[in-house]
Amino acid sequence: MILSGWMLWREDARSRPTWVEGTWEVRDGRIDRLQGRSVPAGTDHTGWMVPGMVDVHCHIGVGAEGPAGTARQVQQARADRDSGVLALRDCGAPVDNSWMKGRRDMPVLIRAGRHVARPGRYIRGMAVELEDPGELPQELVRQAHGSDGWVKIVADWIDRSRGAEADLDPLWPPEVLVDAVAAAHGAGARVAAHCFSHTAVDALLEAGVDDIEHGCGMDEDQVAEAVRRGVHVTPTLLQVELFEGFARQGARRYPRYARTMADMYARRREHAEMLLASEVHLLPGTDAGGYQDHGSLTRELALWHRCGMEPTRVVDLATWQAREAMGLDSLYPGAPADLVVLEGDPREDLCHLDHARAVLLRGEVVAGSARS
Ligand SMILES: [Zn+2]
């Protein structure tokens with residue numbers, strides 16, 4: 001297969017990708033650049049080409065109704081793939097979705113095991129719930145052994161046992177977090193932490209987690225500390241858009257919690273502008289499964305742009321930088337041909353990310369207008 005046009009390309013596996021014009025050949029699932037700039041006869045696809053995007057926060061096997069079976073998992077993963085998302089970090093699932101790893105037509109899957117929480121402190125039926133918080137280190141080791149180099153903790157959630165005083169509160173004592181993160185790292189896994197609130201952030205940074213999910217309660221000092229420590233943040237702005245509804249649902253029984261959520265909703269754009277303008281390494285995630293649809297990453301990215309980020313940076317973060325953070329290859333001579341051919345230049349207009357001519361996974365066209 002011959003591709004021509006502009007590609008976000010790196011000259012070798014380590015160099016920084018740049019946009020270059022040229023012609024490429026895809027053979028046996030791998031890509032290489034052809035010399036010379038003329039478009040040979042028989043070019044299959046022409047356009048602007050980016051490495052496959054990554055959704056680092058989605059849930060394969062979670063539907064609006066709860067845990068979902070294999071048929072639904074296939075639909076979810078296809079929706080992601082067809083939108084140009086060719087790698088997924090499953091950020092916690094109550095089902096075994098490892099079957100995907102043997103399927104060439106499915107995106108690359110990186111599993112983070114199950115959510116680890118305390119009783120009553122997460123969505124019912126989703127998490128491994130620990131009666132004794134002191135068991136967190138050994139549970140993370142157990143999750144690490146069954147996952148793909150990541151584990152997931154729920155760091156804060158409403159504590160309904162406090163009745164009208166209930167608020168978003170941390171689940172774990174700080175000293176337990178320190179031991180737990182060390183144990184996970186010792187078992188070869190990085191740690192992603194669900195965190196909406198402001199109050200849970202300091203202990204997570206102190207404990208050395210690798211990725212803060214949502215992060216909508218982080219203040220500027222905490223963001224600066226995350227930069228200093230090299231902690232990633234996955235903003236999930238689509239999910240924060242739902243906070244007004246969460247606040248309304250809780251308003252009668254849990255007024256304090258409702259106020260916390262409503263405040264974050266009211267400040268969400270201002271907060272996103274601060275976070276997105278910072279130096280922190282951002283990761284693209286939708287939280288799909290449950291509340292968000294799979295295949296909605298470009299909607300999340302459109303919000304990043306709306307909150308002030310230049311399209312060029314959005315494209316870099318959603319493609320090669322996210323891939324690098326997840327330990328995946330981007331496009332260089334001999335690399336796997338996981339890429340998206342777009343009709344127009346996404347640096348000019350991010351909307352082009354929604355118009356794939358061809359989505360190539362392992363060198364095969366799996367979606368796009370040229371296929372249908
Ligand atoms: Zn999630």
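# Domains, cores and loops

Me: What distance separates the centres of domain 1 and domain 2, taken over C-alpha atoms?
Reply: This is a predicted model, in which local features need pLDDT of at least 70 and side-chain atom pairs count only at pLDDT 80 or more, while totals for chains, interfaces and linings use all residues. Residues are numbered from 1 along each chain as its sequence is written, and side-chain values use heavy atoms, with hydrogens and water left out. Domain bounds come from an automatic or database domain assignment. Between the centres of domain 1 and domain 2, taken over C-alpha atoms, the distance is 30 Å.

Me: How many residues of domain 2 are in contact with domain 1?
Reply: The assignment gives domain 1 as 2–50 + 329–367 and domain 2 as 53–325. Contact means heavy atoms within 4.5 Å. On the domain 1 side, 22 residues take part; in domain 2 the number is 25.

Me: Which residues touch the most other members of the largest nonpolar core?
Reply: In soluble globular proteins, nonpolar side chains tend to be buried together. A nonpolar core is a set of buried Ala, Val, Leu, Ile, Met, Phe, Trp, Tyr and Cys residues joined through side-chain atoms within 4.5 Å. Buried means under 20% relative accessible area, exposed over 50%, and partly exposed in between, with a 1.4 Å probe and protein chains only. The largest core has 98 residues, and those with the most partners in it are Leu-136, Ile-212, Phe-243, Met-261, Leu-282 and Trp-304.

Me: From which domains does this core draw at least three residues each?
Reply: Look at the core of 98 residues again. At least three of its residues come from each of domain 1 and domain 2.

Me: How many residues are in the other core, which includes Trp-24 and Leu-360?
Reply: Leu-282 of the largest core touches Trp-304 and Leu-317, among others. Apart from that core lies another, with Val-26 and Ala-335 also among its members. Its residue count is 16.

Me: At what angle do the axes of helix H10 and helix H11 cross?
Reply: Helices (H or I, at least four residues) and strands (E, at least two) are DSSP runs, numbered from the N terminus. Axes are lines fitted to C-alpha atoms, for helices over the stretch in contact, and angles run from 0 to 180 degrees between N-to-C directions. H10 spans 297–306 and H11 spans 311–325. Their axes come within 10 Å and cross at roughly 140 degrees.

Me: Which residues of H11 meet H10?
Reply: H10 contributes Leu-301, Trp-304 and His-305 to this contact. From H11 come Pro-311, Val-314, Leu-317 and Ala-318.

Me: Is Asp-28 buried or exposed?
Reply: Asp-28 sits in the loop between strand S2 (18–27) and strand S3 (30–34). Its phi is near 55 degrees, a positive value in a residue other than glycine. At 76% relative accessibility, Asp-28 counts as exposed.

Me: Is His-214 buried or exposed?
Reply: His-214 belongs to strand S16 (residues 211–214). Its phi is positive too, at about 80 degrees, although His-214 is not a glycine. With a relative accessible area of 2%, His-214 is buried.

Me: Why does Asp-159 count as buried?
Reply: Asp-159 lies in the loop between strand S13 (156–158) and strand S14 (168–170). Beyond four places in sequence, its contacts are Arg-121, Ala-166, Asp-167 and Asp-169. Asp-159 counts as buried because its relative accessibility is 15%.
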